[in-house]
Amino acid sequence: MQPTLTGACIVENQNSRIRARITPDWDNVEGTPYPLGVCWVAPQQAYNFAIYSKHAEKVVLLLYAHDNLTQPILTCDFDYLRNKSGPIWHCRIPANRIAGP
């Protein structure tokens with residue numbers, strides 16, 4: 001059975017002004033909307049995902065191992081209240097959560 005993340009992924013935001021204005025843990029839960037795409041965040045040993053979609057009502061991120069492209073090793077359901085900023089859906093996933101079997 002594959003691991004599933006619902007609505008919350010680990011994140012670390014470098015903009016301390018936003019962190020202080022929202023809550024201390026906001027960026028640790030919801031991901032950051034920039035940069036777009038996937039980026040490695042070395043200090044947190046995690047990947048940040050930021051996906052632009054003007055009209056999406058739901059986003060599900062599926063990650064696959066290079067040797068098995070039919071069965072995802074991780075599924076992340078984005079929560080529009082927690083993982084969305086304007087038209088950008090975002091989440092940060094620790095590297096140890098996406099290691100293959």
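Visitor: What makes the sheet with the order 2-3-7-6 an open one of four strands, and how is it paired?

Guide: In this predicted model, the open sheet has four strands in the order 2-3-7-6, and the pairing is antiparallel. Strands here are DSSP runs (E, at least two residues; helices are H or I, at least four), numbered from the N terminus. Two strands pair if DSSP finds at least two bridges between them. Strand 2 (37-41) and strand 6 (84-85) each have a single partner strand, so they stand at the edges and one side of each lacks a neighbour in the sheet. Residues are numbered from 1 along each chain as its sequence is written, and side-chain values use heavy atoms, without hydrogens and water. Local features need pLDDT of at least 70, side-chain atom pairs count only at pLDDT 80 or more, and totals for chains, interfaces and linings use all residues.

Visitor: How do you know that strand 3 and strand 7 pair?

Guide: Seven bridges join strand 3 (residues 46-52) to strand 7, and the rule asks for at least two, so they count as paired. The two run antiparallel. Ala46 stands opposite Pro94 in strand 7.

Visitor: Why is Arg92 called buried?

Guide: Arg92 has a relative accessible area of 1%. Buried means under 20%, exposed over 50%, and partly exposed in between (1.4 Å probe, protein chains only), so Arg92 is buried. Its place is in strand 7.

Visitor: What makes the approach of Arg92 to Asn48 a polar contact?

Guide: The side chains of Arg92 and Asn48 are joined at 3.1 Å. A polar contact is a pair of N or O atoms within 3.5 Å; within protein, one must be able to donate a hydrogen and the other to accept it, and residues adjacent in sequence count only if both atoms are side-chain atoms. The side chain of Arg92 also makes a polar contact with that of Thr32, at 3.3 Å.

Visitor: Why is the pair of Trp40 and Tyr47 called tilted?

Guide: Their ring centres are 4.7 Å apart and their planes at 55°. Rings of Phe, Tyr and Trp (its six-membered ring) pair if their centres lie within 6.5 Å; planes under 30 degrees apart count as stacked, over 60 as edge-to-face and the rest as tilted. The pair is therefore tilted. The count of aromatic pairs comes to one.
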